[in-house]
Amino acid sequence: MAPNSNKPMAVAIMGPTASGKTAAALAIAHTRPVEIISVDSALIYRGMDIGTAKPTPEELASAPHHLIDILDPLDSYSVMQFRDDTLRLVAEITARGALPLLVGGTMMYFKGLTDSLDDLPTADAAVRAAIEEDAAQVGWPAMHARLRERDPTTAERLKPNDAQRINRALEIIELTGQPMSALLGKREKPELPFELVSYALEPSDRAVLHRRIALRFDQMLGTRDDEGLVAEVARLRARGDLSPNLPSMRCVGYRQAWDYLDGSITRTELRELGIIATRQLAKRQLTWLRAMPDRIVIDCLGSDPTQALLDHLHSLEK
């Protein structure tokens with residue numbers, strides 16, 4: 001049970017990329033029975049292992065894992081699907097007497113879990129296709145400008161080339177006649193059936209995190225095109241049914257490797273653009289985190305952040 005609550009407890013381990021979330025989760029797994037729920041919009045895809053920094057087979061075997069390798073890269077997965085799956089999984093895990101660990105860096109998933117998105121309509125393939133057809137004619141920056149006219153609040157937080165989110169915002173307007181920002185403002189925050197204790201692994205020095213990001217991207221890339229990330233994306237392209245517009249192929253690293261295999265950028269540019277994109281992702285993740293007032297912040301660059309997390313968790317359970 002959670003401290004001062006009749007509800008069962010679940011633990012969230014959040015943080016930007018390369019902050020050590022997996023290591024912290026596995027350290028907790030060594031101290032008590034746990035099951036890990038991945039909160040990562042890239043780890044859901046099968047065949048995308050290197051560029052997503054998917055846990056190794058040994059790490060996966062150290063504790064039961066959920067929401068990893070559940071979809072083909074051709075498919076999509078919504079925030080509401082994540083929320084429904086996670087509510088079900090937490091109930092099942094606690095019934096088995098284990099501690100649910102929600103681990104990852106997809107902040108929209110965490111936000112959807114705690115705040116819900118019930119007021120938003122489900123996706124409509126026909127509407128999305130029509131929006132994509134318009135975008136093919138005028139470009140996504142023009143579609144972003146169209147969104148700004150109809151929902152300036154949502155447009156303000158989106159980049160002009162963020163095709164997936166611009167499409168979704170325009171789709172909601174078409175389906176409901178209302179801007180997404182208005183619908184989000186109406187919803188009531190739901191009460192979770194469990195007590196969520198949220199830890200955020202955040203860097204005290206952004207430059208050190210950037211060096212970690214560069215090192216990890218270099219490790220993913222390897223030294224040759226027949227190994228590492230490039231080889232992985234080449235295998236995915238060889239299927240013949242994937243495109244760079246799919247959510248899976250828009251993941252950081254995969255977009256750049258696809259462009260490299262197309263011949264539109266050099267290998268040096270692939271590395272530079274991949275690292276820049278990963279840094280931008282980390283910046284967005286930190287922005288999301290700092291808007292979460294109930295998080296418990298742990299310096300991921302401290303002398304032993306994993307032990308600090310364990311000590312705090314132990315103090316809650318006394």
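**A loop residue and its neighbours**

Author: Thr17 has a relative accessible area of 9% and therefore counts as buried (buried is under 20%, exposed over 50% and partly exposed in between, with a 1.4 Å probe and protein chains only). The model is predicted, so that local features need pLDDT of at least 70 and side-chain atom pairs pLDDT 80 or more, while totals for chains, interfaces and linings use all residues. Residues are numbered from 1 along each chain as its sequence is written, and side-chain values use heavy atoms, without hydrogens and water.

Thr17 is placed in the loop that joins β1 and α1 (helices are DSSP runs of H or I with at least four residues, strands runs of E with at least two, numbered from the N terminus). β1 covers 9-14 and α1 covers 21-29, and Gly15 belongs to the loop between them. Pro16 is likewise part of the loop between β1 and α1.

What does the record say of these positions? An unreviewed UniProt entry lists Gly15, Pro16, Thr17, Ala18, Ser19, Gly20, Lys21 and Thr22 under "binding site". A listing under "binding site" in an unreviewed UniProt entry also names Thr17, Ala18, Ser19, Gly20, Lys21 and Thr22. Such annotations may be inferred rather than shown by experiment; feature names are shortened and positions follow the numbering used here.

Is Gly15 buried or exposed? Gly15 is buried, because its relative accessibility is 0%. Pro16 is also at 0% relative accessibility, and therefore counts as buried.

With residues up to four places away in sequence set aside, Gly15 touches Lys21, Gly104, Gly105, Met107, Leu201, Gln285 and Leu289. On the same terms, Pro16 meets Lys21, Leu201, Pro203, Leu209, Ala282, Gln285, Leu286 and Leu289. For Thr17, when neighbours within four places are left aside, the contacts are Leu209, Ile213, Arg216, Thr278, Ala282 and Gln285.

We may now turn to another buried part of the chain. Within helix α11, which spans residues 228-238, the buried residues are Gly228, Leu229, Val230, Ala231, Glu232, Val233 and Leu236. After α11 comes Gly240, which has a positive phi near 90 degrees.

Finally, the wider setting deserves attention. Domain 1 takes in 9-117 + 188-317, and domain 2 takes in 125-182 (these bounds come from an automatic or database domain assignment). The centres of domain 1 and domain 2, taken over C-alpha atoms, are 26 Å apart.

Arg168 is part of helix α8, residues 163-176. Its relative accessible area of 18% is the reason why Arg168 counts as buried. Beyond its neighbours within four places in sequence, Arg168 contacts Leu120, Pro121, Thr122, Ala123 and Arg128. Ala182 sits in helix α9, residues 180-186. With a relative accessible area of 28%, Ala182 is partly exposed. Between the C-alpha atoms of Ala182 and Pro55 there are 39 Å, and along the chain these two are 127 residues apart.

Note on methods. Contact = heavy atoms within 4.5 Å.
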